[in-house]
Amino acid sequence: MTGVRGFALRVCEWIVRLASVNGLWIGFSLLGGLIGGCFPALQAMFVVMKKWCMNEEEFPLVQTFFDEWKRSFWRANKIGYTVLGIGAILILDYVIVMNMEFTGSQVIAAILVSCLVIYSLFLLFIGPAMVHFNNEAMFSFLKNVVLFSVASLPYALMMGVFLSLAAILFFLLPPAAVCFAGSLFAWITTHFNLKAFQQKNVLGMTKGAKV
């Protein structure tokens with residue numbers, strides 16, 4: 001179907017999709033007791049989002065989500081808590097340095113701020129990258145995602161713009177955040193990450209990637 005009606009149907013279809021996968025993300029996070037289930041559910045959501053963004057539509061949603069949640073359980077938790085720990089250490093170090101007065105504290109604070117900026121960029125790419133590069137050793141994977149994030153600044157800026165608009169929407173309509181916050185974040189980051197991956201594929205930088 002084409003025209004305005006086709007466009008409206010497509011928008012409605014995506015609203016249902018985003019609400020459905022957001023519900024699955026919350027449900028499977030709770031299934032793992034949040035602490036154990038959140039990161040595998042996050043990876044499963046990115047797997048589903050990648051399929052939709054690549055126009056792969058004929059698959060069983062719940063079964064696919066559950067299979068990926070189960071398959072990635074240990075790896076997703078290992079990477080998720082490592083990334084969470086790195087962020088906590090950076091923030092804690094920054095707070096400590098800012099509350100101490102010693103020679104060179106401003107320089108160290110500036111270095112930590114730079115690290116936090118790179119860490120923020122890294123968070124925009126880590127989810128889709130876990131799906132796209134799912135066979136690499138963890139240290140190599142994290143290092144490559146950091147390099148990829150720094151090399152993909154234009155895409156990071158575009159993600160920042162759209163995520164800011166989403167944040168404004170959720171601020172104005174708080175109930176929408178419950179239904180769409182996770183899935184909308186996954187959709188925006190997956191959409192722009194795939195464009196970045198495609199560009200790097202042209203340059204031969206994503207050898208071995210799973211598409």
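A: Let's begin with α4 and helix α6, which spans residues 138-151: in this predicted model, their axes come within 12 Å and cross at roughly 55°. If you turn the view to check the hand, the crossing of α4 and α6 is right-handed.

Now stay on α4 and look at α5. The axes of α4 and α5 come within 9 Å, and they cross at roughly 160°. Angles over 145 degrees count as roughly antiparallel, and therefore α4 is roughly antiparallel to α5. As for what meets at the contact of α4 with α5, its residues divide into 21 nonpolar, two polar and two charged. The hand of this crossing is worth a look as well: α4 and α5 cross in a left-handed way, whereas the crossing of α4 and α6 is right-handed.

Both α4 and α5 also take us to the largest pocket. About 280 Å³ of space lies in this pocket. To place the lining on the helices, colour α2 (38-53), α4 (73-98) and α5 (105-132), each of which supplies at least two residues of it. The helix that gives the most is α5, with five residues. By class, the lining of the largest pocket holds 10 nonpolar and three polar residues, and no charged ones.

One last stop is the aromatic rings. Across the whole structure, a search finds 16 aromatic pairs. One of them is Phe 28 with Trp 69: the ring centres are 5.7 Å apart and the planes stand at 55°, so the pair is tilted. Phe 28 belongs to helix α1 (residues 3-31) and Trp 69 to helix α3 (residues 61-71), so this pair ties together parts that are 41 residues apart in sequence.

Key. Residues are numbered from 1 along each chain as its sequence is written. This is a predicted model: local features need pLDDT of at least 70, side-chain atom pairs count only at pLDDT 80 or more; totals for chains, interfaces and linings use all residues. Side-chain values use heavy atoms; hydrogens and water are left out. On a 1 Å grid over the protein atoms alone, a cavity is a set of points where a 1.4 Å probe fits but cannot get out, and a pocket is an open set with protein on both sides within 12 Å along at least five of seven lines; lining residues have an atom within 4 Å of a point. Grid points are joined across faces, edges and corners, and a volume is the space filled by probe spheres set on the points. Helices (H or I, at least four residues) and strands (E, at least two) are DSSP runs, numbered from the N terminus. Ala, Val, Leu, Ile, Met, Phe, Trp, Tyr, Cys and Pro count as nonpolar, Asp, Glu, Lys and Arg as charged, and the others, Gly among them, as polar. Axes are lines fitted to C-alpha atoms, for helices over the stretch in contact, and angles run from 0 to 180 degrees between N-to-C directions. Angles under 35 degrees count as roughly parallel, over 145 as roughly antiparallel, 65 to 115 as roughly perpendicular and the rest as oblique. A crossing is left-handed if the near helix is turned anticlockwise from the far one by less than a right angle, and right-handed if clockwise. Rings of Phe, Tyr and Trp (its six-membered ring) pair if their centres lie within 6.5 Å; planes under 30 degrees apart count as stacked, over 60 as edge-to-face and the rest as tilted.
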